[in-house]
Amino acid sequence: MTPAREQLLALRQVTVSFQGFVAVDRLDLAVAPGELRCLIGPNGAGKSTTLDLICGKSRITSGEIAFHGAPIHALKEFRIARTGIGRKFQVPSVFRELTVRENLEIGSSRDPGVWRNLFRFSGGADTERLERLAVLVGLEDHLETQAAQLSHGQTQWLEIALILAQDPALVLMDEPTAGMTAHETSMTAALFNRLRGRHTLVVVEHDMGFVRDIAETISVMHQGRLLAQGTADEISQDAKVREAYLGSGGIGHA
């Protein structure tokens, strides 16, 4: 367990049940500032539900979720976001009728009247910041491209940029490489490795090759509980993980 003074995010004995079904069962999980944590496990293990609980989309039944040392599990979803937590869901959500630049202008706005800000964006330093974001996610050559014309992978990168535009301390990613080509997945791994240390990331992912490319620590969930935790090599050799999830082929074949 990460020492309390080094914890950015801490889940303590977190449980949630839906109509009697326990989806997350007394989960303890701690993530340090700047860490890139991967959360893996078979379907139904409770991974996406855990992200839902952290961002407030779902409510815990018991336990505590703390961020920067303060409990957040009773806050409304938008207030949790304002504490510095960004969430990317499995299906990208961007303004498809607008250009990449216009999407980033809206994403960068901290004023609730984002549509007004689209037409009064100040330029200068703001424009430079948008262009740095576009470079970071590999969309610098597509700033004037309508989002509807982007590939699936590019659309995923744009949504990641929209999240990063708000400069969250913690970014939650749910299957970011789903539907990507092998090249796009490789590009996404490079992006995540560039983000390492700048932001704290918790990534739910099924692609074990991608996990190996980015993970510092892997947390394995099974039946709503934390089954094992460690490096990719440690996890691949763990007998409990093999039995519950990975099979005899090891982590690279999951």
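Trainee: What makes helix 6 and helix 7 roughly parallel to each other?
Mentor: In this predicted model, the axes of helix 6 and helix 7 (residues 182–195) come within 10 Å and cross at roughly 15 degrees, where axes are lines fitted to C-alpha atoms, for helices over the stretch in contact, and angles run from 0 to 180 degrees between N-to-C directions. Angles under 35 degrees count as roughly parallel, over 145 as roughly antiparallel, 65 to 115 as roughly perpendicular and the rest as oblique, and helix 6 and helix 7 are therefore roughly parallel.

Trainee: Which residues meet between helix 6 and helix 7?
Mentor: With contact meaning heavy atoms within 4.5 Å, Gly153, Gln154, Trp157, Ile160 and Leu164 in helix 6 meet Glu184, Met187, Thr188, Leu191, Phe192 and Leu195 in helix 7.

Trainee: Why is helix 3 called roughly parallel to helix 6?
Mentor: The axes of helix 3 (residues 100–108) and helix 6 (residues 152–164) come within 8 Å and cross at roughly 30 degrees, which makes helix 3 roughly parallel to helix 6. In this pair, Val100, Asn103, Leu104 and Gly107 of helix 3 meet Leu158, Ala161 and Leu162 of helix 6.

Trainee: How do you know what counts as a helix here, and how the residues are numbered?
Mentor: Helices (H or I, at least four residues) and strands (E, at least two) are DSSP runs, numbered from the N terminus, and by that rule the protein chain has 10 helices and 10 strands. Residues are numbered from 1 along each chain as its sequence is written. Local features need pLDDT of at least 70, and side-chain atom pairs count only at pLDDT 80 or more, while totals for chains, interfaces and linings use all residues; side-chain values use heavy atoms, with hydrogens and water left out.

Trainee: Why is aspartate 238 called buried?
Mentor: Buried means under 20% relative accessible area, exposed over 50% and partly exposed in between (1.4 Å probe, protein chains only), so aspartate 238, with a relative accessible area of 18%, is buried. Aspartate 238 lies in the loop between helix 9 (232–236) and helix 10 (239–246), and its side chain reaches the backbone nitrogen of lysine 240 at 2.8 Å.

Trainee: What makes helix 1 mostly covered?
Mentor: In helix 1 (residues 47–55), 8 of the 9 residues are buried, among them Leu51, Leu53 and Ile54. Helix 1 is followed by glycine 56, whose phi is positive, near 90 degrees.

Conventions:
Polar contact = N/O pair within 3.5 Å; in protein donor to acceptor, adjacent residues only side chain to side chain.
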